[in-house]
Amino acid sequence: MAIESNPTGIPYTLKAKDFATDQDVRWCPGCGDYSILKQVQTTLADLGKLPHETVFVSGIGCSSRFPYYMETYGMHSIHGRAPAFASGLKIANPNLSVWVITGDGDALSIGGNHFMHLLRRNFDLNILLFNNQIYGLTKGQYSPTSEEHKKTPSTPFGSIDHPVNPIALALGCDATFVARTMDRDPKHMKDVLQQADAHRGTSFIEVYQNCNIFNDGAFEIFTEKDTKADTTLILEQGQPLVFGKSGEKGVRLDGFTPQVVDLTADEFTKADLWVHDNADHVKAGILARFFDNPTASPDSLPRPFGVFYRTGRPSYEAQLHEQLDAIMGSMGEGDLDKLIAGGSTWQIN
Amino acid sequence: MVTQAQEKKSVIIKFAGDSGDGMQLTGGLFTDDTAFTGSDLSTFPDFPAEIRAPIGTLAGVSGFQLHFGSQRIFTPGDRFDVLVAMNAAALKSNLKMVKKGGTVIVSEDGFDSKNLRLAKYDETQNPLENNTLEGYEVMKIPVTKMTRESIGDSTLGTKERDRCKNMFVLGFLLWRYSRTLDTTLKFLNAKFKNKPDILDANIKALQAGYNLADTVEFASDRYTVAPAELEKGSYRSINGNDGIVLGLVVASKKLGLPLFYGSYPITPASSILHGLSKHKNFGVRTFQAEDEIAAIASAIGASYGGNLGVTGTSGPGLALKGEAMGLAVMLEMPLVVIDVQRGGPSTGLPTKTEQSDLLQAMYGRNGECPLPIVSCSRPSDCFEAAMEACRIAVQHMTPVVLLSDGYIANGAEPWKYPKASDMPEMKVEFAKQSEDGSQFMPYQRDEKLARPWAIPGTPGLLHRIGGIEKEDVTGNISYDPANHEHMVKTRERKVEMIADYIPAQKIESGHESGDVLLLGWGSTYGVCESVTRSLAEQGFKVGHAHLRYLRPFPANLETMMRGFKTVVIPEINNGQLVKIIRDKFLLPAVPFNKIQGTPIAHEELFEFVLNLVDKG
């Protein structure tokens with residue numbers, strides 16, 4: 001729990017509601033964003049974050065209204081560019097806890113370029129991608145994560161775009177922390193948010209988020225009780241990949257090929273299963289490809305949730321300031337008059 | 001026999017050769033030496049967009065023009081006294097600009113049949129052998145042969161030895177203008193400190209060129225140019241982009257804010273990024289962003305975090321930055337956006353100059369989106385203009401556009417530089433939590449209508465900003481119709497009020513009122529000044545005013561303009577400032593336009609104005 005001096009100098013302990021603003025939340029009733037907002041506010045309180053050292057930066061879209069509801073600093077910027085604003089801010093002040101809020105259109109369509117460069121540079125911030133597989137704010141067009149053949153106002157005969165796989169993309173950009181969670185599992189989300197906050201470098205979290213107006217039920221096979229156990233795979237570090245209602249199914253590797261196995265049959269036991277190691281980039285890459293419809297057949301792979309991959313790499317802003325300090329150390333603070341005069345001068349008398 | 005050196009008042013030299021011939025370096029070194037003699041000078045490098053166009057072709061010709069003299073020099077000059085042509089293509093593309101009776105120095109080896117063919121000369125009609133050069137003083141020098149001979153035995157290959165040709169030519173010109181080799185030797189010794197073979201070859205070629213007159217009879221004429229009467233003080237040579245670099249660094253120090261420069265490489269602005277990247281020991285943070293949009297967005301993010309956020313680009317990049325500039329207007333955040341203009345539209349003429357982004361800077365955004373515009377008029381003006389842009393951005397909490405152009409960016413001239421300690425500190429204060437504990441209002445304004453600069457990390461100032469219309473004072477989202485109109489008008493008024501915080505417009509030269517006012521902005525400074533001085537000397541009632549502040553205009557501008565019968569606005573575009581002046585003042589200003597990627601020539605503007613003055 002955090003202690004901060006209020007204007008009168010009396011310390012108090014922050015709760016989730018202390019991170020809520022007095023503005024009316026204007027998302028549609030039933031939107032998955034509410035749950036994410038709640039978990040973020042709770043997590044920040046639990047982590048003891050100071051509101052004045054926390055900044056939410058967003059782009060454009062439903063999710064990008066998020067900063068208005070957070071009693072912290074916040075910037076609602078322009079479409080797709082939040083990573084670039086956040087990058088400049090982190091260079092100016094590396095001590096801030098910065099959270100980029102974005103959506104599937106914002107991050108992966110108009111902002112695809114910035115998304116890629118943010119991840120490879122590894123600024124020390126957290127990026128929450130609210131993936132609802134649809135454009136909400138512009139009323140229902142398909143998004144870069146929409147499934148193929150999707151009928152929407154802009155694709156009345158079905159879309160012909162192949163969807164992007166955000167986790168695979170992030171891994172391809174050498175992101176140093178890659179995770180997936182969902183709006184309907186607050187406990188899981190909170191756990192992932194805490195791990196993301198603890199990670200130094202860019203923490204990328206894809207959040208499956210339901211748009212109950214334009215794409216209702218897009219993720220229901222992963223979130224609803226009767227299907228969840230068979231379609232989702234909760235990744236736990238050092239644990240075998242087990243899923244199913246009573247943990248009766250597992251995933252093993254046959255060479256580089258993942259294979260769903262029945263643990264109730266005699267052929268395989270838990271000891272034969274793939275053990276999750278989030279430090280393994282190759283295996284994270286295979287997990288990212290668990291991307292087909294898990295209900296297609298009994299052999300279909302489940303959709304993984306949790307931390308796919310994490311690794312340590314110095315952040316961009318830390319290296320930038322190290323370089324500045326080293327140069328300042330070796331050259332000394334610059335002399336303005338010498339700088340202005342430059343190399344060669346002459347006098348007119 | 002060497003005869004007595006003849007005195008010249010001014011000389012215009014054009015160095016021209018293939019892109020690989022090192023003409024920019026030759027011109028630059030000759031310019032440095034010229035500056036030390038106390039001449040006033042102005043330069044104009046002119047090079048192709050292609051890094052290495054096919055050798056010997058017209059497309060590959062690179063040129064460097066230098067005008068120096070014992071009088072004040074305002075432009076690189078119209079026609080050349082001396083043309084140095086390293087090959088047939090260089091001769092072909094430049095000969096028409098040589099004065100009648102002027103000197104043409106050619107490297108004979110650049111005129112073999114292949115070079116003639118590439119320059120699109122008839123192979124049987126070598127211009128060195130027919131009447132093409134009739135009426136000029138022609139010096140044919142076997143530069144390649146003599147350079148090779150001068151170097152003699154060396155570990156260097158033929159190709160590397162031939163790269164010393166430019167030093168041979170430079171040596172000859174230094175001799176011709178009665179200079180010493182000191183400055184050039186100092187440069188070579190420093191540059192090739194760790195490459196003794198290359199150093200040795202360059203020095204040998206330089207000295208051979210210098211001694212050419214001992215062996216070749218025609219080369220015996222020498223000239224001197226007396227020092228110009230310049231203001232007393234310390235001088236250095238400066239080009240426009242370097243001037244901007246220095247202005248930004250000094251502004252950041254005087255403001256006490258770390259400088260953040262976010263940029264994406266683009267001609268002719270890139271050298272600002274290169275320059276600033278060297279100055280990390282002044283706390284400068286440079287960020288080569290993934291694109292133009294990220295460049296400006298990162299700068300806005302840095303300003304939000306309390307840095308002096310600056311981004312730099314050229315016309316196409318400014319187009320990409322438009323939406324983010326609009327956000328900065330809405331956020332009312334300090335930001336400097338530098339546009340080093342080039343020929344447009346689209347990719348246009350990337351290495352040629354133009355002043356055609358003024359309307360883009362003024363209006364090129366969605367919505368009612370006013371911001372101040374400051375412009376640079378010449379290389380030696382860039383330092384102050386850049387500092388002014390920073391001052392206005394920070395003190396008035398607004399993005400500012402700083403306009404320069406390719407001609408200013410690459411051109412060099414002597415600069416009487418200031419001492420940093422003589423320049424005043426510029427005041428900037430971040431918002432602090434109020435002592436009475438009252439709630440922070442992010443859009444509460446001061447007497448300049450500027451809002452507080454409240455940076456994340458400060459206790460007690462939690463607030464949210466963004467691109468959606470703000471409620472006055474609170475900064476909360478507001479769709480209220482009356483509030484929107486009020487905010488639009490307030491943002492406009494804030495920018496217009498800057499007129500109270502900038503100096504009055506002054507007349508640069510000539511008369512304070514009369515027949516014709518030459519009203520210029522940007523890189524037409526030199527030609528406006530030289531034309532005005534010439535006409536005023538001849539007794540005509542002409543004045544020259546040059547605008548640094550294009551938005552808002554100085555408060556006295558209208559009165560000044562109305563003191564003249566005619567206001568002429570020369571621009572290297574199709575008439576942009578003239579539109580704004582006519583619109584704002586309902587005044588029938590007369591445009592004078594040139595859109596050829598080159599500066600306006602003295603003689604063409606002189607003739608134009610002469611026709612407008614009262615000759616009674």
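In the predicted model, the contact between the two chains takes 63 residues from chain B and 53 residues from chain A. On the side of chain B that touches chain A, two or more residues come from each of α1 (23–36), β9 (233–239), α10 (240–255), β10 (259–263), β11 (285–288), α12 (292–304), α13 (315–331) and β17 of chain B. Of these elements, α12(B) gives the most, with 9 residues. Sorted by class, this side of chain B has 29 nonpolar, 22 polar and 12 charged residues.

Strand pairing also links the two chains. Strand β14 (residues 345–348) of chain A pairs with β9(B) in the antiparallel sense, over 4 bridges. Within this pairing, A:Trp346 has B:Tyr235 as its bridge partner in β9(B).

A strand of chain B also takes part in an open sheet of 9 strands, whose order is β9(A)-β13(A)-β7(A)-β8(A)-β6(A)-β5(A)-β3(A)-β4(A)-β17(B), with mixed pairing. Its edge strands are β9 (232–234) of chain A and β17 (464–466) of chain B, each of which pairs on one side only. On average, and with direction ignored, neighbouring strands of the sheet are turned by 20° against each other. Helix α2 (residues 82–92) of chain A packs on this sheet and touches β3 (54–58), β4 (73–76) and β5 (97–103) of chain A. The direction of α2 in chain A makes about 175° with that of β5(A). At the edge formed by β9(A), the pairing with strand β13 (residues 303–310) of chain A is parallel and extends over 3 bridges. Here A:Ile234 has A:Phe305 of β13(A) as its bridge partner.

Within chain B, strand β15 (residues 399–405) is mostly covered, with 7 of its 7 residues buried. The cover extends to both faces of β15(B): B:Pro399, B:Val401, B:Leu403 and B:Asp405 are buried on one side, and B:Val400, B:Leu402 and B:Ser404 on the other. Strand β13 (residues 335–341) of chain B runs parallel to β15(B) and is joined to it by 7 bridges. In this pair, B:Val336 stands opposite B:Val400. Strand β14 (residues 373–375) of chain B is likewise parallel to β15(B), joined by 3 bridges, and B:Ile373 has B:Val401 as its bridge partner. From β14(B) the chain crosses through helix α15 (residues 382–395) of chain B to β15(B), in a β-α-β crossover that is right-handed.

Burial is also found in helix α4 (residues 143–151) of chain B, where the buried residues are B:Val143, B:Met146, B:Thr147, B:Arg148, B:Ser150 and B:Ile151. In general, residues three or four places apart in an α-helix point the same way, because the helix has 3.6 residues a turn. The cover over the buried residues of α4(B) includes β6 (98–107), β7 (137–141), α5 (158–162), α6 (165–176) and α8 (196–210) of chain B. After α4(B) comes B:Gly152, which has a positive phi, near 65°.

B:Lys9 counts as exposed because it has 10 C-beta neighbours inside 10 Å, where the cut-off for exposure is 12 or fewer. When residues up to four places away in sequence are not counted, B:Lys9 touches B:Gly69, B:Ser70 and B:Gln71. B:Lys9 also lies 9.6 Å from B:Pro227, C-alpha to C-alpha, although 218 residues separate the two in sequence.

Conventions. Residues are numbered from 1 along each chain as its sequence is written. Chains are lettered from A and ligands numbered from 1 in the order in which they are written. This is a predicted model: local features need pLDDT of at least 70, side-chain atom pairs count only at pLDDT 80 or more; totals for chains, interfaces and linings use all residues. A residue is buried if 20 or more other C-beta atoms lie within 10 Å of its own, exposed if 12 or fewer, and partly exposed in between; C-beta atoms are placed from the backbone. Two residues are in contact if their C-beta atoms, placed from the backbone, lie within 7 Å. Two strands pair if DSSP finds at least two bridges between them. Axes are lines fitted to C-alpha atoms, for helices over the stretch in contact, and angles run from 0 to 180 degrees between N-to-C directions. Ala, Val, Leu, Ile, Met, Phe, Trp, Tyr, Cys and Pro count as nonpolar, Asp, Glu, Lys and Arg as charged, and the others, Gly among them, as polar. A crossover is right-handed if, with the strands pointing away from the viewer, the path from the first strand over the helix to the second runs clockwise.
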